[in-house]
Amino acid sequence: MKPFSELSAEELAMENLFIRWVRFPDDPPIRSFWENWILKYPAQKDTVAKARELVLIASDWRPDALSGQDVNSIWGRIMSSLDIMGDRDGRKNAQDRPASGLSAGNIVLILMSVTFLLFIFYVILGNN
């Protein structure tokens with residue numbers, strides 16, 4: 001691992017100790033470490049400022065609500081995948097299919113679809 005003084009702003013912004021300092025500036029040992037580090041490496045002030053900005057932007061990131069068109073498009077792809085899997089299962093022998101008529105792949109896809117829809121509702125309701 002390279003020393004902090006040799007890292008780019010992007011690399012520094014991915015360091016846990018740096019992220020903790022930016023997100024929790026009142027933590028005395030971490031604050032002391034970075035304040036002393038900046039005094040020792042004053043040429044890195046711009047890099048630290050850029051890295052700090054990157055961490056703050058990433059910390060404030062929230063997924064935007066998907067539009068109705070996006071949701072419909074994704075749901076259409078899920079349904080299309082289910083149809084394709086159903087066609088593929090229909091070509092297998094009846095004895096190869098589970099008694100319920102659903103293959104393990106279909107069950108997984110259905111669970112993923114439900115999870116996706118719950119996520120969409122969370123994002124939409126969470127932004128209101």
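Predicted model: local features only at pLDDT ≥ 70, side-chain atom pairs only at ≥ 80, totals over all residues.
Figure 1. Leu118 belongs to helix H6, which covers residues 104–126. Together with Ile110 and Val114, Leu118 makes a nonpolar surface patch of about 250 Å².

**Figure 2. The chain as a whole.** The chain holds six helices and zero strands, and its elements follow the order α-α-α-α-α-α from the N terminus. The chain has 128 residues, of which 23% count as buried. Among contacts with a separation of 6 or more, 62% are between residues 24 or more positions apart.

**Figure 3. Helix H3 and its buried face.** Helix H3 comprises residues 28–40. With 13 residues, H3 reaches 18 Å from its first C-alpha to its last, close to the 18 Å expected at 1.5 Å a residue. Its buried residues are Ile30, Trp34, Trp37 and Ile38. Viewed down the axis of H3, these buried residues fall within an arc of 100°, so they line one face of the helix. An α-helix has 3.6 residues a turn, so residues three or four places apart point the same way. The cover over the buried residues of H3 includes H1, H2 and H4. On the face turned away from the buried side, H3 carries the exposed residues Pro29, Leu39 and Lys40.

**Figure 4. The salt bridge between Arg31 and Glu35 in helix H3.** Side chains of opposite charge can pair when their charged atoms come close. Here the side chains of Arg31 and Glu35 meet in a salt bridge, at 3.8 Å from N to O. The two residues are four residues apart in helix H3, which means that about one helical turn separates Arg31 from Glu35. Arg31 is partly exposed, with a relative accessible area of 30%. Glu35 is also partly exposed, at 41%.

**Figure 5. The salt bridge between Lys2 and Glu11.** The count of salt bridges comes to two. One of them joins Lys2 to Glu11, where the closest N and O atoms are 3.4 Å apart. Lys2 has a relative accessible area of 39% and is partly exposed. Glu11, with a relative accessible area of 27%, is partly exposed as well.

Figure 6. Helix H4 runs over residues 45–59, and its 15 residues should span 21 Å at 1.5 Å a residue. The C-alpha atoms at the ends of H4 are 21 Å apart, which agrees with that expectation. Thr47, Val48, Ala51 and Val55 are the buried residues of H4. Down the axis of H4, the buried residues fall within an arc of 95°, so they line one face of the helix. Among the elements that cover these residues are helix H1 (9–12), helix H2 (16–23) and helix H3 (28–40). Lys45, Asp46, Lys50 and Ile57 are exposed on the other side of H4.

Conventions: Residues numbered from 1 in each chain as written. Heavy atoms only, no water. Expected span 1.5 Å × (residues − 1). Buried < 20%, exposed > 50% of the residue type's maximum accessible area, 1.4 Å probe, protein only. Arc of directions from axis to C-beta. Contact = heavy atoms within 4.5 Å. Patch = residues over 30% accessible without salt bridge, like charges linked within 9 Å, V, L, I, M, F, W, Y side chains within 5 Å. Areas by Shrake-Rupley, 256 points an atom, 1.4 Å probe, with all protein chains shown as cover. Salt bridge = Lys/Arg side-chain N within 4 Å of Asp/Glu carboxyl O.
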